[in-house]
Amino acid sequence: MSLAARAVTLAYDPGVSPKEGGLPGLSVLKDVVSSINLFGIVAVVGALAVSLGVWAWGHHTGGHQAEANGKKGTVVAAGAALGLGAANGIVAFFSALGSQVH
């Protein structure tokens, strides 16, 4: 088989796929990433509580800027919670979608 034919074959199918257990420490890495995700979710809960408090305080005192900032913070915290909660599913979805490309 010529070099050009091997390069074309390699370009179509490099033969690489995800394999669990290939590297030592994979379980530790999974635990670290899970802990970071949990830390992010706890931080978002705090940010959401503060943002809702600022929104309510701004509304009741007539502080339109504080009310607007509280609303923005609430939306951002809700979006962050959505992203953190769905991170595993989003990665799994696009990984499965990417594995279908030939």
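Residues are numbered from 1 along each chain as its sequence is written, and side-chain values use heavy atoms, with hydrogens and water left out. As the model is predicted, local features need pLDDT of at least 70 and side-chain atom pairs count only at pLDDT 80 or more, whereas totals for chains, interfaces and linings use all residues.

The protein contains three helices and zero strands, where helices (H or I, at least four residues) and strands (E, at least two) are DSSP runs numbered from the N terminus. The order of elements from the N terminus is α-α-α. The mean pLDDT (the predictor's confidence in each residue, from 0 to 100) is 88, and 86% of residues reach 70 or more. Among the elements, the lowest mean pLDDT, 62, belongs to helix 1 (residues 3–12), and the highest, 95, to helix 2 (residues 26–61).

Of the 102 residues, 10% are buried; buried denotes under 20% relative accessible area, exposed over 50%, and partly exposed the range in between (1.4 Å probe, protein chains only).

One salt bridge (a side-chain nitrogen of Lys or Arg within 4 Å of a carboxyl oxygen of Asp or Glu) is present in the structure. It joins the side chains of Glu-67 and Lys-71, with an N to O distance of 3.9 Å. Both residues lie in helix 3 (residues 64–99), and because they are four residues apart, about one helical turn separates them. Glu-67 is buried at 15% relative accessible area, while Lys-71 is partly exposed at 38%.

The ring centres of Phe-93 and Phe-94 are 5.0 Å apart and their planes meet at 80 degrees, so the arrangement is edge-to-face. Phe-94 is exposed, with 52% relative accessibility.

The largest pocket has a volume of about 220 Å³. Its lining includes Val-33, Ser-34, Asn-37, Leu-84 and Asn-88. Helix 2 and helix 3 each contribute at least two lining residues, and helix 3 provides the largest share, six residues.

Key
Phe/Tyr/Trp six-rings, centres within 6.5 Å; stacked < 30°, edge-to-face > 60°. 1 Å grid on protein atoms, 1.4 Å probe; cavity = no way out; pocket = protein on both sides within 12 Å on 5 of 7 lines; lining within 4 Å. Points joined across faces, edges and corners; volume = space filled by probe spheres on them.
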